[in-house]
Amino acid sequence: MMKIEKKENNLLKNAVLILIFAAIIVLLDLDIIGDNYVRRVLNLAAIYAIVSVSMNLVNGFTGLFSLGQAGFMAIGAYTVAVFTVPVEARKAIFYIVPQSPLVANIELPFFVALILGGLLAALVAILIGMPVLRLKSDYLAIATLGFSEIIRIVFTNMKTITNGALGIKSIPQMPTMWVFFGAMIISVILIVLLINSSYGRAFKAIREDDIAAEAMGINLFKHKVLSFAIGAFFAGIGGGLLASLLGTVDPKQFYFTMTYNFLLIIVLGGMGSISGTVIASFVVTVGLEVLRFFDDSLVLFGYEVPIFRAGFRMVIFSILLMILVLFFRNGLMGQKELSWKMVGDFFNGKKSPKNNRKGGAA
Amino acid sequence: MTFEVFMQQLANGISIGSLYALLAIGYTMVYGILRLINFAHGDIFMMSAYFMVFGMVTFGLPWYVSAAIVIVAAVALGVLIEKAAYKSLRDAPRMSIMISAIGVSFLLENLATYLFTGVPKGFPDIDILTRAISFGNVSLSVATLVTPVVTIILLFVVLFITNKTKIGMAMRAVSKDFETARLMGININRVISTTFVIGSALAAVGAILWGSKYPSVIPLMGVMPGLKCFIAAVLGGIGNTTGAVLGGFILGMSEIMLVSFLPSLTGYRDAIAFIILIIVLIVKPTGLLGEKVTDKV
């Protein structure tokens with residue numbers, strides 16, 4: 001009896017929590033609280049959550065060290081950019097090299113282009129994954145990093161489709177936050193369902209010990225490609241949303257250092273924890289905005305503190321990443337998920353049982 | 001294409017290839033011992049270029065004095081990175097130590113942007129390196145000719161250290177089997193530090209020669225050469241010093257040849273290295289001169 005009561009109690013708590021969050025987004029969305037800046041940062045955090053959760057699926061749950069997220073995001077972003085800009089506005093954008101007749105007259109609704117972007121990213125991931133996923137951890141990392149750069153270089157050079165280094169401007173922007181938060185909620189739910197399915201258990205088996213997993217009859221190659229392609233799909237979706245949020249894309253945005261943001265998020269959240277990743281996405285994105293005062297000069301009692309100037313924020317950011325990696329390798333959650341018990345223990349000052357497992361497997 | 005232009009490009013290819021080779025040695029040695037892609041290696045290279053700018057421009061030192069200081073500073077930086085970021089993670093999973101390497105690299109880039117700003121700094125003119133020499137219609141800078149010679153000499157020095165000295169023997173033992181070497185009483189930390197000393201010193205020499213050829217110093221200048229040189233090391237067979245130099249030469253030559261024979265593909269110059277990497281990893285993952293290693297269960 002006790003147990004059921006407790007479960008109902010938690011259900012109630014969950015419902016209340018979800019309602020509170022939904023109410024906050026509704027209020028923000030109706031412009032009752034907050035301003036455009038707050039909305040923009042939160043939307044960005046939602047996009048980062050989608051990409052980070054998908055990266056965690058590949059890195060944290062399947063144990064494949066992939067650093068190709070920026071490239072897959074570029075595919076999604078460019079698909080949205082190329083197909084959603086109104087046809088009549090394109091002449092002004094492609095003023096140096098005219099757009100190729102193949103795509104010049106095709107205009108798609110946003111959601112179709114978004115899904116198409118995800119599918120294209122997944123397709124590219126399958127093509128890349130076939131050869132690359134046979135590699136071991138660090139070779140895989142450098143090969144995926146390389147592919148993300150190749151994708152970017154190809155986009156820089158395909159001037160008739162992507163407008164080269166000039167980028168594409170005036171991408172239609174979505175009017176409501178629900179596009180971003182809805183996409184985040186759907187993506188996270190889908191990934192959680194996947195992780196709890198038999199595929200998810202196979203992924204985790206591969207992470208723990210791929211040789212043992214293979215001996216148990218798991219088709220290593222198929223599952224690795226699957227995880228990689230699904231990760232790329234959601235990264236493509238994230239990229240498409242980013243294009244819509246910013247209203248402009250250019251190849252420089254998708255430099256591979258962008259992937260380091262997601263790496264920081266999954267390390268902070270805990271490799272192999274979905275709830276940790278979502279929380280970390282918001283902490284990091286909002287944190288980076290809050291840290292912006294480091295980049296402005298600071299005057300204390302009429303004396304200008306010399307260390308506060310442009311670039312200081314990123315130094316702090318990278319030092320935080322190093323501290324995390326060196327001293328808090330399990331991040332916020334390790335491989336656990338957020339639960340009411342954890343929150344309760346935290347507030348009662350009880351230490352949760354020490355997690356002996358170390359991070360994600362290499 | 002005339003013969004002169006071809007000779008000019010050939011010389012350029014050899015010279016850029018030998019610069020890659022200098023950096024690739026550092027990658028291959030660290031990987032051979034720690035099984036770690038030292039992402040920060042390219043940034044040690046970048047920092048060395050900045051040190052040279054400060055030595056010669058800010059403090060007005062003669063080039064040989066600043067070169068010596070730059071090498072010492074790069075070595076100190078390399079060893080510091082190893083002690084601070086890699087040492088405590090020696091028993092951690094591979095992914096953690098790689099994230100740490102990426103973190104250090106990211107930190108150095110951001111630190112350089114913060115301290116020196118993103119505005120390119122001019123590399124000081126080292127008179128004896130930037131002077132031009134003409135052979136008939138082919139005109140080359142001294143740096144272009146000196147670079148391959150320096151690289152070959154340094155390769156022999158490194159080969160001498162690894163094959164003929166006691167510490168070199170220890171290095172080879174550690175790269176063969178980390179645990180057994182430790183049990184045999186080899187001071188692992190000393191071996192690893194020595195590896196970083198050699199690698200960083202070569203990166204500093206590379207930075208000085210690179211700066212004489214491409215005199216623009218920016219915080220991200222080490223990123224692309226760094227990735228490419230790791231690829232050169234993989235191409236040559238990771239862990240093999242001669243292989244790294246060979247890989248560097250091949251990579252440099254193929255880049256220059258692509259640019260000179262197929263000028264329309266110049267924009268794809270940075271992609272070649274990655275394409276080579278993918279081909280090598282699929283066809284011959286051990287690289288040209290690498291030894292075959294089998295996975296143990």
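Student: At what angle do helix α6 (residues 142-164) of chain B and helix α9 (residues 188-213) of chain B pack?

Tutor: In this predicted model, the axes of α6(B) and α9(B) lie 10 Å apart. Angles over 145 degrees count as roughly antiparallel, and α6(B) is therefore roughly antiparallel to α9(B). The packing angle is about 175°.

Student: Which residues of α9(B) make the contact with α6(B)?

Tutor: On the side of α6(B), the contact is made by A143(B), T144(B), T147(B), V150(B), L154(B), V158(B) and I161(B). By class, the contact of α6(B) with α9(B) has nine nonpolar, three polar and one charged residues. From α9(B), the residues are I198(B), L202(B), V205(B), L209(B), S212(B) and K213(B).

Student: How are α6(B) and α7(B) oriented to each other?

Tutor: The axes of α6(B) and helix α7 (residues 166-176) of chain B come within 5 Å and cross at roughly 80°. Angles of 65 to 115 degrees count as roughly perpendicular. The two helices, α6(B) and α7(B), are therefore roughly perpendicular.

Student: Which residues in α7(B) meet residues in α6(B)?

Tutor: In α6(B), the partners are I161(B), T162(B), N163(B) and K164(B). The contact of α6(B) with α7(B) comprises two nonpolar, three polar and two charged residues. In α7(B), the residues are G168(B), M171(B) and R172(B).

Student: How many bridges join strand β2 (residues 132-135) of chain B to strand β3 (residues 138-141) of chain B?

Tutor: These strands, β2(B) and β3(B), run antiparallel. Across the pair, A132(B) stands opposite S141(B), and S134(B) stands opposite S139(B). The number of bridges is four.

Student: Which residue in the turn of the hairpin formed by β2(B) and β3(B) has a positive phi?

Tutor: The hairpin leaves two residues between β2(B) and β3(B). One residue in the turn has a positive phi of about 60°, and that residue is G136(B).

Student: What is the radius of gyration of chain B?

Tutor: The secondary structure of chain B comes to twelve helices and four strands. Its C-alpha atoms fill a box of roughly 60 × 45 × 35 Å along the principal axes. Because chain B has 297 residues, a compact globule would have a radius of gyration near 19 Å. Chain B agrees with this, at 19 Å.

Student: What is the radius of gyration of chain A?

Tutor: Chain A has 16 helices and two strands, and its C-alpha atoms fill a box of roughly 70 × 65 × 45 Å along the principal axes. For 362 residues, a compact globule would have a radius near 21 Å. The value for chain A agrees with this, at 22 Å.

Student: Which element of chain A gives the most residues to the side that touches chain B?

Tutor: In the contact between the chains, 37 residues of chain A meet 31 residues of chain B. The elements of chain A that give two or more residues are α6 (110-132), α7 (137-157), α13 (257-269) and α15 (312-327). The residues on this side of chain A divide into 25 nonpolar, eight polar and four charged. With 13 residues, the element that gives the most is α7(A).

Student: Where in chain B is confidence highest?

Tutor: Chain B averages a pLDDT of 87, and 97% of the residues score at least 70. Confidence is lowest in helix α5 (residues 127-130) of chain B, at a mean of 78. With a mean of 93, the highest confidence in chain B is in helix α3 (residues 63-86).

Student: Over which residues of chain A does pLDDT stay under 50?

Tutor: The mean pLDDT of chain A is 84, and 91% of its residues reach 70 or more. For the stretch under 50, the model has 32 contacts beyond four places in sequence. That stretch of chain A is residues 352-362.

Notes. Residues are numbered from 1 along each chain as its sequence is written. Chains are lettered from A and ligands numbered from 1 in the order in which they are written. This is a predicted model: local features need pLDDT of at least 70, side-chain atom pairs count only at pLDDT 80 or more; totals for chains, interfaces and linings use all residues. Two strands pair if DSSP finds at least two bridges between them. Axes are lines fitted to C-alpha atoms, for helices over the stretch in contact, and angles run from 0 to 180 degrees between N-to-C directions. Angles under 35 degrees count as roughly parallel, over 145 as roughly antiparallel, 65 to 115 as roughly perpendicular and the rest as oblique. Two residues are in contact if their C-beta atoms, placed from the backbone, lie within 7 Å. Ala, Val, Leu, Ile, Met, Phe, Trp, Tyr, Cys and Pro count as nonpolar, Asp, Glu, Lys and Arg as charged, and the others, Gly among them, as polar. pLDDT is the predictor's confidence in each residue, from 0 to 100. The radius of gyration is taken over C-alpha atoms; the globule rule is 2.2 Å times the number of residues to the power 0.38.
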